[in-house]
Amino acid sequence: MSEDLENKKTAVVTGAGRGIGKSIAEALARDGIEVYCVSKTESSCGAAAEEIRANGGVAHALPIDVSSGEEIRTACDKLLEEKGCIDILVNNAGITRDNLLFRMEEDDWNAVLTTNLTSCFHWIKALGRPMTRKRWGRIVNVSSVVGLTGNAGQANYAAAKAGMIGLTKSLAREFSARSVTVNAIAPGFIDTDMTSGLDDRVKEVALGTIPLKRFGKVEDIAEMTSFLCSEKASYVTGQVFTVDGGMVM
Ligand code: NAP
């Protein structure tokens, strides 16, 4: 095998069918990484992987419901059997089920915690061990500024996103001796399907809190992820990077 092929890195990006995750998958593919695009629906991750391939990258679609630990474990067993090790994991899949606490149903709490936080536990548990054996790995967890500040009406989402930060810092310590870095990104308000449905008044108020006076683009998050997954970021671990136009200082 040529050195280039031998050194070719592989990545799993969750929530890669649309929005931030799709942009992250595209950026990693441009960096020469073979990317597995995970999303809930086959059509979504299928189209994302197809677009990457059409642009000269190497990508595969992996339709998985990340709220199921069993689906994650089964997919990872198969991936590891094929590839031996996945070098990069980006936990980006996420949902919102917003409501004020007294109106929030237990189902809304559980769905957000399971999809956004518990999924990270399952992915890292399945893919982390081969990374530590290989003594090289990159794990990036896409949290949110809301995990740092809290937000009325998003107790479930903020708890999940804050949990991702605790998970990131703990695992950065656990994996550091094996050169596996674990970092989190906390996006601010990014223009995607997740935010497009918000009321114009809510958007106007949000814009007023952003010193750079614009909503973020998916590429803003993808560029930071690309850096954290690269060799250049080998001395960076356990950190939370806010990419939010200066909202949280
Ligand atoms: P989005 O446009 O709504 O896309 C979400 C992606 O996650 C989709 O590809 C979706 O799959 C996938 N997904 C959702 N539930 C899943 C499940 N159970 N199993 C597998 N995949 C699932 O979201 P986004 O705005 O790009 O957000 C991406 C991440 O950034 C989320 O974790 C979000 O919390 C975080 N974030 C976003 C913002 C923002 O302003 N947009 C701000 C801070 C943090 P399908 O395509 O198959 O439906």
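**Exercise 1. In which helix is Thr195 found, and is Thr195 buried or exposed?**

Step 1: Start with the helix. Thr195 is found in helix 8, which spans residues 193-196. Helices (H or I, at least four residues) and strands (E, at least two) are DSSP runs, numbered from the N terminus.

Step 2: Turn to the accessible area. Buried means under 20% relative accessible area, exposed over 50%, and partly exposed in between (1.4 Å probe, protein chains only). Thr195 has a relative accessible area of 12%, so Thr195 is buried.

Step 3: Look for a partner of the side chain. A polar atom of the Thr195 side chain lies 2.6 Å from the backbone oxygen of Ile190. A polar contact is a pair of N or O atoms within 3.5 Å; within protein, one must be able to donate a hydrogen and the other to accept it, and residues adjacent in sequence count only if both atoms are side-chain atoms.

A note before you go on: this is a predicted model, in which local features need pLDDT of at least 70 and side-chain atom pairs count only at pLDDT 80 or more, while totals for chains, interfaces and linings use all residues. Residues are numbered from 1 along each chain as its sequence is written, and side-chain values use heavy atoms, with hydrogens and water left out.

**Exercise 2. Which residues come nearest to the ligand, and how much of the ligand does the protein cover?**

Step 1: Find the neighbours. A residue is near a molecule or strand if one of its heavy atoms lies within 4 Å of it. There are 30 residues around the ligand, and Thr41, Ser44, Asn92, Tyr157 and Thr192 come nearest.

Step 2: Check the polar atoms. In Thr41, a side-chain N or O atom is 2.7 Å from an oxygen atom of the ligand. In Asp65, a polar side-chain atom lies 2.9 Å from a ligand nitrogen. For Thr192, the distance from a polar side-chain atom to a ligand oxygen is 2.5 Å.

Step 3: On its own the ligand has 900 Å² of accessible area, and the protein covers 94% of that. Such areas come from the Shrake-Rupley method with a 1.4 Å probe; for residues, only the protein chains shown count as cover.

Step 4: See where the shell comes from. Helix 2 (19-30), helix 7 (155-175) and helix 8 each supply at least two residues, and helix 8 gives the largest share, 3 residues.

**Exercise 3. Why is strand 6 largely enclosed, and which strands pair with strand 6?**

Step 1: Count the buried residues. In strand 6 (residues 180-187), 8 of the 8 residues are buried, so this strand is largely enclosed by the rest of the structure.

Step 2: Compare the faces. Val180, Val182, Ala184 and Ala186 lie on one side and Thr181, Asn183, Ile185 and Pro187 on the other, and all are buried.

Step 3: Find the partners. Two strands pair if DSSP finds at least two bridges between them. Strand 5 (residues 137-142) pairs with strand 6 in the parallel sense over 6 bridges, with Ile139 opposite Val182. Strand 7 (residues 240-243) also pairs with strand 6 in the parallel sense, over 4 bridges, and here Ile185 stands opposite Phe241.

**Exercise 4. How many helices and strands does the protein have?**

Step 1: The secondary structure comes to 10 helices and 7 strands.

Step 2: For the whole protein, buried residues make up 49% of the 249 residues.
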